[in-house]
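Thanks for making the time this morning.

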Amino acid sequence: MIKFDSQYILNSITPLENMFIQQYLVKAPGDYVKVYIYCLNLCHWPMGDIHVSYESIAETLRLNCEDVQRALRYWCKLGVMSVECFEEQLEMEIYSVKETMARNEASDGQTLYTYRAFNNELSDAFHPRILDTQDYLLYQDMINIFEVSQEYVIEAVKYSVKTSGDVNIPYKYVERVIEAWKNDNINSVSELKTYLEKRDSTYRELCSVLRYLGMNRAPTIPELNYYKKWTDEFGFSFDAIKEACNATVGASNPTIKYLDSIITALHEKKASTPQQIAKDKEKSTNARLKVRRLLYYLGINGAPSAVHLQKYAKWEDDYHFTEEAITIAASMITPGRNPFDSLDSLLESFYMKGIQDADSMLMYSNQKKEHDSDISELKALLGETSPITDIQRDTFKRWLDEYKMPVEVIFLAAALAQEADKPWGYVNKVLSNWSAAGINTKQAAQDQMASFSKPQSNQTQKPSKNTKGYGFTNIESHTYNESDYASMFDELSDDTNA
């Protein structure tokens, strides 16, 4: 049973005719019905001096202002109300639905005759669905709303039925289709047909791409938008897109989004033709092989990562190093935890120094290591067994070039630093003081050391073993304590290590 509650106050209601419910409510778009009932309420219960406008109705019902205007035009066209707008304020008059329908029966013949051809085509487009007067009026109204031709609306209906696969599509569906076309500046039937032909071609091509990726289904709207971006914005042809698809072969579950990342990367590289894409693919394959060989040489297991490939591309494209030069640089890397990063730093250093080819790298390396034999003997004299570092090479070269010290004088200073906590710093301080005092020969250094010496009685001189022909027999004949060193070298023992 359907009935009013006992507390229901009849005189506080807005009456809605049964004829409206039976004849119009079911067929009219839902938002249009909302607008009609709200206007009906305003007519029955006017709210003082409150002015009614398209905007106020839209705000109250949470609709677009354009939707309100279309709804009111629709009801006016059906004859159930009239609306006049004066200075953005609306004056409305609502008529009896029953009387309106009686009047329409007499005038329907003329309306149907005016749109006879349009209505016949509309009926064919919706076949086997049976249209009624309200359906015809809705689609006739589109002609004026969007300022298009009858043929334009018919094409929109056919397209909507085809894409949705259902003749019972709502009016709003077709409306949105036309809105989208108008937003794309498609205003005439000729422009529309060109657009539809292209879209059909796009649809078929995208179906082919999906099948290549292992997806036997119809494209979705986002996928069509991706394809439109590739062709319209990036300028890729169907053949170019197919060539780009080859890069997805290694993916376990390729998607359109994954393909989009590939095509976007190609677009950034300015590779948009099948030939350019194939060349880029060949270059990428060769680069991957080169990186794989380099990783094996460096003792790194596993396939090349994106970071490896990016850095290798930097070395080749930005630094202009050949594979031979990169391999030569790799041979200079000291074994460590991150050899690839170390190689990156070394190559950057070469690039900054203008060292561009393998021969220049070898020459630089040989020059840098030309004193390694002397440094090894120096480290042995100091009791060090660790590998030679670049800092030690630079320090030794500074003693030679800046302090102007012969190797035999450096060894003499090293003999004094054997018991120091920081021997390299100790040697550096001794040589710095000798250089400041103009002492740069073995004899001069020995003479200065002798002037601070304190001879010990009954001490037998013992010849020391001499390396490379450098004799230290006369050094052993003296004994020095810390106070002697302090006065000779200005507190050398406080200096830092090299």
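What you see is a predicted model, in which local features need a pLDDT of at least 70 and side-chain atom pairs count only at pLDDT 80 or more, while totals for chains, interfaces and linings use all residues. Residues are numbered from 1 along each chain as its sequence is written, and side-chain values use heavy atoms, with hydrogens and water left out.

The pLDDT, which is the predictor's confidence in each residue on a scale from 0 to 100, averages 83 over the chain, and 85% of the residues score at least 70. Over residues 456-498, however, the pLDDT is below 50, and this stretch has 72 contacts in the model beyond near neighbours in sequence, a contact meaning heavy atoms within 4.5 Å.

As for the overall make-up, the chain has 24 helices and 2 strands, taken as DSSP runs numbered from the N terminus (helices H or I, at least four residues; strands E, at least two). Of its 498 residues, 38% are buried, where buried means under 20% relative accessible area, exposed over 50%, and partly exposed in between, with a 1.4 Å probe and protein chains only. Among contacts between residues at least 6 apart in sequence, 63% join residues at least 24 apart.

Let me turn to the cysteines. A search of the whole structure finds 0 disulfides, a disulfide being a pair of cysteine sulfur atoms within 2.5 Å. C39 is in no disulfide, and the nearest cysteine sulfur, that of C43, is 6.9 Å away; C39 counts as buried because its relative accessibility is 0%. For C85, the closest cysteine sulfur is in C65, and the separation of 9.5 Å is too far for a bond. C85 is partly exposed, since its relative accessible area is 38%.

Now the loops. V26 lies in the loop between α1 (18-25) and α2 (30-44). Is V26 buried or exposed? V26 counts as exposed, because its relative accessibility is 64%.

N338 and L298 are 40 residues apart in sequence, and their C-alpha atoms are 9.6 Å apart in space.
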